[in-house]
Amino acid sequence: MSRARSSKAVTLQIGPAQQRDLAHLSRIELAAAALFPPGRLPEPDQVLPAAELRAACQAGWLWVARHGAEPMGFALCAPEGSDLYLVELSVHPKTGRQGIGRALLRSVLEAAVAQGFTGVTLTTFGDLPWNAPFYESEGFTVVARQDEEAVGPECPAHLREHLSQEAAGGLQQRVAMRRALTAP
């Protein structure tokens with residue numbers, strides 16, 4: 001699925017990533033990581049492995065927002081049972097606050113519905129204004145908090161595992177979120 005979307009200042013093409021896009025994604029990821037307060041990302045210079053991006057591209061789980069030929073943001077997903085897990089959503093800060101992240105997220109939601117997933121899940125920082133509140137504005141709800149021992153039955157096992165791995169890797173104040181999907 002590829003479609004043009006018009007954000008506040010930029011006309012975007014959002015669609016499946018192409019092999020030629022992959023070389024640009026680490027630049028976007030590093031620039032987006034620079035927005036986080038010092039110490040929040042244990043390894044702020046770490047990027048997604050090239051092999052993981054290639055595999056996701058080939059499988060159709062990687063979407064890119066382009067202005068012309070230049071990638072400006074991406075969304076990487078992975079199937080987790082009946083849910084589609086949003087691994088990462090990154091937008092280059094030079095084009096931030098123009099609706100690119102929202103357009104990417106909505107493309108992921110549309111693709112998930114089209115492919116029969118019952119929900120989209122993710123983990124994010126619960127205390128940063130451009131993280132959990134952004135996803136809440138798109139219908140996601142918090143189903144677990146990293147600092148809570150008890151996790152409700154509405155929290156899928158894969159989210160509990162992601163929160164645990166993130167804590168072990170030094171990420172703090174994380175929440176798990178889910179948005180239920182309905183068929184069109």
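Accessible areas come from the Shrake-Rupley method with a 1.4 Å probe, and for residues only the protein chains shown count as cover. On this basis the accessible surface of the chain is about 9,100 Å², with 52% of that surface belonging to carbon and sulfur atoms. The model is predicted: local features need pLDDT of at least 70, side-chain atom pairs count only at pLDDT 80 or more, and totals for chains, interfaces and linings use all residues. Residues are numbered from 1 along each chain as its sequence is written, and side-chain values use heavy atoms, with hydrogens and water left out.

The chain contains 5 helices and 8 strands, taken as DSSP runs (helices H or I, at least four residues; strands E, at least two) numbered from the N terminus. Their order along the sequence is β-β-α-α-β-β-β-α-β-α-β-α-β. The C-alpha atoms fill a box of roughly 45 × 40 × 30 Å along the principal axes.

| Cysteine | Closest cysteine sulfur | Distance between sulfurs |
|---|---|---|
| Cysteine 57 | Cysteine 77 | 13 Å |
| Cysteine 77 | Cysteine 57 | 13 Å |

This separation is too far for a bond. Cysteine 57 is buried at 12% relative accessible area, and cysteine 77 is likewise buried, at 3%.

Methods
A disulfide is a pair of cysteine sulfur atoms within 2.5 Å. Buried means under 20% relative accessible area, exposed over 50%, partly exposed in between (1.4 Å probe, protein chains only).
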